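Please read the following report with the sequence and the three-dimensional view side by side, and look up each residue as it is named.

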Amino acid sequence: MRRAGSVLCLFVLWFLAGANGVLARTALDEMDDQQAQVLAEQVRQEFLHAWQNYERYAWGHDELQPLTKTPRDWYGGSMLMTPVDALDTLILMKLPVEADQARQLIDATLSFDKDIYVKNFEITIRLLGGLLSGYQLSGDDRLLALAQDLGNRLLPAFHSPTGLPYEYVNLRTGKVRGAQTNPAETGTLLLEFGTLSKLTGQPVYFNTAKRALVETYRRRSAIGLVGDSLDVETGRWLSVDSHISGGIDSYYEYLWKCWKLFGDRDCLDMWNNSLVAINRYLADDANGELWYGHADMNTGKRTSTEYGALDAFFPAVLAFAHQLDPAKRLQDSSFKMWTLNGIEPELIDYRSMAIKDPRYALRPEIVESTYYLYRLSGNPSYRSMGRTLFRDFVKYCRTDGGYAALESVVTKRQANAMQSFVFAETFKYFYLLFAPPTTLNFDGVVFNTEAHPLARIPIRNHRTR
Ligand code: DMJ
């Protein structure tokens, strides 16, 4: 009789899992607030482990290479990539000693008067974003002064015939390089430049970055899609491959978020129109699962069924834009991609589930989506999902010298890289997922694509088209 009872029980469990997908399986193991608090503290300790190694072996440099315990600078000299990216996480995790040391290092040594060509997109999302959120959280005026100096030095990047920014700009001379770019790099700038306008009262930053966003959108095809490579001088597409992956991803993210941060109705319209095309041509129902693949931007014809770690940001944006059902389904797919090897690869083919690129760069996107889904659905199962992600992350990526990327999620062999977004994003989203909601006023901020929270104060209703 007892045996029959446990068979029945197993059947019910199997049925629940089968009927409701991945989430139902994790829901069997929900956690309470106390358990979440313990996990938040574990995340904080692991963040400290990585940070203290950066302090010990790479202080003052852009990044720590965790396997050799040696520093690495992006452009010869240091731009303090890790301290600037990490500052708001240090503050949110209530690590005042470390936060003050990082802030003082930035105040005393960061200078943008350098004869180097920097990538406008990366410097904007990591440094401009980090300085602005650091300023808003600390009130340190020097951070705002640095942000404005940086903003001024980046502005020449937009001096192209189309208003679309060149890929590289020299911080001292204002000379530019790299006419070939992509929508992510032309359209992921307005949250940061707009906030700079808001804080300095000078509209030039907002207007310049908004023009670049609108010029990207204006070049969408007749069916509403964008490609993933274009020329800023001719404005012509160099690739008609359309998707939500790297090269396009955060362009879509900023359409929605610029509406949320600035109340900009143009951005809302551009998001709404884009979402129709994304859902019509990129969304793919594969064996009852929701994925987003690639299509030709002009014909809408499916060109590939690849999805990867970068695409996993999209459930967060969908949930934030009130599209909870597809957000949940896509998150289940991302989680399936993760559990296949105990950690996610950079790229898979979702039809065959074959790995196309086995690396794991310590990317945050799947954690980010887990956090948004938890906050916006209130379903505690997302915390359980996050616990699985965190345990795997620690198990495979922790090393003596911090956290290391993986060369392959199959062999789990580590690589000598710990990019600054690990501090800005991966650890921050893990922490916020488990920490009490009072840690950060979720409704009062919009995160830039590097997870820097920017305060939500509407300025005025810009319309430039
Ligand atoms: C980060 O720099 C940002 O999240 C960007 O939008 C995409 N790539 C990395 C993280 O994977």
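Predicted model: local features only at pLDDT ≥ 70, side-chain atom pairs only at ≥ 80, totals over all residues.

Residues are numbered from 1 along each chain as its sequence is written, and side-chain values use heavy atoms, with hydrogens and water left out.

**The ligand and its shell**

Which residues surround the ligand? The shell consists of I125, R126, L310, R363, P364, E365, F421, E425, T449 and E450, where a residue is near a molecule if one of its heavy atoms lies within 4 Å of it. Sorted by class, this shell has 4 nonpolar, 1 polar and 5 charged residues; here Ala, Val, Leu, Ile, Met, Phe, Trp, Tyr, Cys and Pro count as nonpolar, Asp, Glu, Lys and Arg as charged, and the others, Gly among them, as polar. Two helices, α5 (120-138) and α16 (421-434), each supply at least two residues of the shell, and such elements are DSSP runs numbered from the N terminus, with helices (H or I) of at least four residues and strands (E) of at least two.

| Residue | Distance from a polar side-chain atom to a ligand oxygen atom |
|---|---|
| R363 | 2.7 Å |
| E365 | 2.8 Å |
| T449 | 2.8 Å |

The protein covers 91% of the 290 Å² of accessible area that the ligand has on its own, as computed by the Shrake-Rupley method with a 1.4 Å probe, where for residues only the protein chains shown count as cover.

R126, a member of this shell, has its place in helix α5. Is the residue buried or exposed? R126 is buried, because its relative accessible area is 4%, and the scale used is under 20% for buried, over 50% for exposed and partly exposed in between (1.4 Å probe, protein chains only). The side chain of R126 also makes a polar contact with the side chain of S420, at 3.0 Å.

**Two residues with a positive phi**

Most residues other than glycine have a negative phi. K69, however, has a phi near 55°, a positive value in a residue other than glycine, and K69 lies in the loop between β1 (63-65) and β2 (70-72). L80 is not a glycine either, yet its phi is positive at about 55°; L80 is found in the loop between β2 and α3 (81-92). With a relative accessible area of 24%, K69 is partly exposed, whereas L80, at 3%, counts as buried.

**Other positions**

T438 is placed in the loop between α16 and β19 (445-447), and T438 counts as exposed because its relative accessibility is 74%. From C-alpha to C-alpha, T438 and F335 are 27 Å apart in space, and they are 103 residues apart in sequence.

K336 belongs to helix α13 (residues 324-339) and is partly exposed, with a relative accessible area of 28%. Its C-alpha atom is separated by 36 Å from that of E55, a residue 281 residues apart from K336 along the chain.

M353 lies in the loop between β15 (347-349) and β16 (354-357), and M353 is buried, since its relative accessible area is 17%. M353 and K328 are 25 residues apart in sequence, with 20 Å between their C-alpha atoms.

Methods:
Polar contact = N/O pair within 3.5 Å; in protein donor to acceptor, adjacent residues only side chain to side chain.
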